Amino acid sequence: MSGPREVLEAAVAELAGELPAVVAAVRGEESSALRRAEAHVALAYAAGALFYVFLRAQGVPTEGHPVVDELQRVQQAYAKVRRAQSAVEGGGSGGESDTERPKVDVAAAARLVVAGSGIAKPDREKRKSKSKKKKKAKNSH
């Protein structure tokens, strides 16, 4: 009967035998950037998980160990890859659809920038000075 250590060693040996094929597939130019990102994240998670299992097998406490933080970071990266995959599959272009993404009113943004900067446009100044002259002319008559 095999112990846990022998099972782990057999699994690692099997994984090591498959690893060159996986790395070659990731490096291949025919795979998309999204597919390569998924493979990189999967490999990073596999390496972290193997190290985590190794620590546990050695009796090392893993609570608060940096490998746990790394596994969480890789899980977040995997979630980003999944969101990107669903956007590509659902949206076609990989971006958000026009109904989900807010539009920018360029003219309104320009008005806000000008108003916030305290710099008035020259034509506004001319209009203001003309209207002041007209008001003075009406008041003086």
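**Entry 1: confidence**

I began with the scores of this predicted model. The protein averages a pLDDT of 76, and 73% of the residues score at least 70. I then went through the elements: helix α3 has the highest mean pLDDT, 88, and helix α5, residues 122–140, has the lowest, 65. I also marked residues 94–98, where pLDDT stays under 50. For residues 94–98 the model has four contacts beyond four places in sequence.

**Entry 2: helix α2**

I looked up helix α2 next and found that it runs over residues 33–57. How far does α2 reach from its first C-alpha to its last? Its 25 residues reach 36 Å, close to the 36 Å expected at 1.5 Å a residue. I listed the buried residues in α2: Glu-38, Ala-39, Val-41, Gly-48 and Leu-55. After α2 comes Gly-59, and I noted its positive phi, near 85 degrees.

Glu-38 was on my buried list, so I checked its value: it counts as buried because its relative accessibility is 12%, and the cut-off for buried is under 20%. I then searched for salt bridges and the count came to three.

Glu-38 and Arg-35 are three residues apart in helix α2, so about one helical turn separates them.

Arg-82 also forms a salt bridge with Glu-38, with the closest N and O atoms 3.7 Å apart. This pair links distant parts of the chain, since Arg-82 is in helix α3 and Glu-38 in helix α2, 44 residues apart. Is Arg-82 buried or partly exposed? I found it partly exposed, because its relative accessibility is 39%.

I turned to Glu-70, which forms a salt bridge with Arg-73. The closest N and O atoms of Glu-70 and Arg-73 are 2.6 Å apart. Both residues lie in helix α3, three residues apart, about one turn of the helix. Glu-70 has a relative accessible area of 33%, so I wrote it down as partly exposed. Arg-73 is partly exposed as well, with a relative accessible area of 48%. Going back over the shared partners, I saw that salt bridges join Arg-35, Glu-38 and Arg-82 into one network.

**Entry 3: Gln-85**

I looked up Gln-85 and placed it in helix α3, which covers residues 66–91. Gln-85 counts as buried because its relative accessibility is 12%.

**Entry 4: Ala-25**

Last, I looked at Ala-25 in helix α1, residues 4–27. Ala-25 has a relative accessible area of 45%, so it is partly exposed. I also took a distance from Ala-25 to Arg-35. The two are 10 residues apart in sequence, and their C-alpha atoms are 9.8 Å apart in space.

Technical notes
Residues numbered from 1 in each chain as written. Predicted model: local features only at pLDDT ≥ 70, side-chain atom pairs only at ≥ 80, totals over all residues. Heavy atoms only, no water. Helix = DSSP H or I, 4+ residues; strand = E, 2+ residues; numbered from the N terminus. Buried < 20%, exposed > 50% of the residue type's maximum accessible area, 1.4 Å probe, protein only. pLDDT = per-residue confidence, 0-100. Contact = heavy atoms within 4.5 Å. Expected span 1.5 Å × (residues − 1). Salt bridge = Lys/Arg side-chain N within 4 Å of Asp/Glu carboxyl O.
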